Amino acid sequence: MLFAEKIKQLRDFRQMPQRQIAAALEIDTATYCKIEKGDRRAKREQVFILSELFECKHDELLKIWLADQIYDVVKNEKEASEVLNLVQENIVEYGKK
């Protein structure tokens, strides 16, 4: 829920109502509330809109969104740390090619 916590923090800091964010994302307020609570995932294209609304770097918000995606996949796995290390090694190797 890193992403949900981050967008709530950014929205609170900007003192923006949830309905304003929902309107910008072209979704209803209830759907945005679910995203902010972590009950629903934001779409990748919504991350860009949110970064503009909150005046934050798109790359930083996207990294948090991606981390949440990965966390959701491995969170219940005993070997999650090992799997993530393996992925990291492969990403580093792939980057060298």
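Here are some notes on this predicted model, point by point.

1. Overall layout. Going along the sequence, you read α-α-α-α-α-α. The C-alpha trace spans about 45 × 30 × 20 Å along its principal axes.

2. Of the 97 residues in the protein chain, 28% are buried. The chain exposes about 7200 Å², and carbon and sulfur atoms supply 52% of that area. As for contacts, take those between residues at least 6 apart in sequence: 52% of them join residues at least 24 apart.

3. Helix α1 against helix α5. Have a look at how α1 (residues 2–14) packs with α5 (residues 58–74): the angle is about 145°, and the axes are 8 Å apart. On the α1 side the contact is made by Leu2, Phe3, Ala4, Lys6, Ile7 and Leu10, and on the α5 side by Leu61, Ile64, Trp65, Ala67 and Asp68. Sorted by class, that gives nine nonpolar residues, two charged ones and no polar ones.

4. Tyr32. Tyr32 sits in helix α3 (residues 29–37). Is Tyr32 buried or exposed? Its relative accessible area is 0%, and the cut-off for buried is under 20%, so Tyr32 counts as buried. Setting aside neighbours within four places in sequence, Tyr32 is in contact with Ile7, Arg11, Gln18, Ile21, Ala22, Leu25, Ile27, Leu50 and Phe54. Ile7 in that list also takes part in the contact of α1 with α5. If you want a distance for orientation, Tyr32 and Asn76 are 26 Å apart in space, C-alpha to C-alpha, and 44 residues apart in sequence.

5. Asp12 and its partners. Asp12 forms a salt bridge with Lys8, where the closest N and O atoms are 3.0 Å apart. Both residues lie in helix α1, four residues apart, which is about one turn of the helix. Asp12 is partly exposed at 40% relative accessibility, and Lys8 is partly exposed too, at 36%. Asp12 also forms a salt bridge with Arg11, with 3.6 Å between the closest N and O atoms. Which label does Arg11 get, buried or exposed? Arg11 has 10% relative accessibility, so it counts as buried. Arg11 is also one of the residues in contact with Tyr32.

6. The other salt bridges. How many salt bridges are there? The count comes to six. Another of them pairs Lys75 with Asp72, the closest N and O atoms being 3.7 Å apart. Lys75 is partly exposed, with a relative accessible area of 42%, and Asp72 is partly exposed as well, at 31%. Shared partners also link salt bridges into one network, made up of Lys8, Arg11, Asp12 and Glu36.

7. Val83, Val87 and Ile91 make a nonpolar surface patch of about 250 Å². Val83 lies in helix α6 (residues 80–96).

8. Two loop residues with positive phi. Glu26 has a phi near 60°, a positive value in a residue other than glycine. Where is Glu26 found? It is in the loop between α2 (18–25) and α3, and at 73% relative accessibility Glu26 counts as exposed. Glu55 is the other case to check: its phi is near 55°, again positive in a residue other than glycine. Glu55 is found in the loop between α4 (44–53) and α5. Glu55 has a relative accessibility of 61%, so it counts as exposed.

Technical notes. Residues numbered from 1 in each chain as written. Predicted model: local features only at pLDDT ≥ 70, side-chain atom pairs only at ≥ 80, totals over all residues. Heavy atoms only, no water. Axes fitted to C-alpha atoms, helices over the stretch in contact; angles between N-to-C directions. Contact = heavy atoms within 4.5 Å. Nonpolar A, V, L, I, M, F, W, Y, C, P; charged D, E, K, R; others polar. Patch = residues over 30% accessible without salt bridge, like charges linked within 9 Å, V, L, I, M, F, W, Y side chains within 5 Å. Areas by Shrake-Rupley, 256 points an atom, 1.4 Å probe, with all protein chains shown as cover. Salt bridge = Lys/Arg side-chain N within 4 Å of Asp/Glu carboxyl O. Buried < 20%, exposed > 50% of the residue type's maximum accessible area, 1.4 Å probe, protein only.
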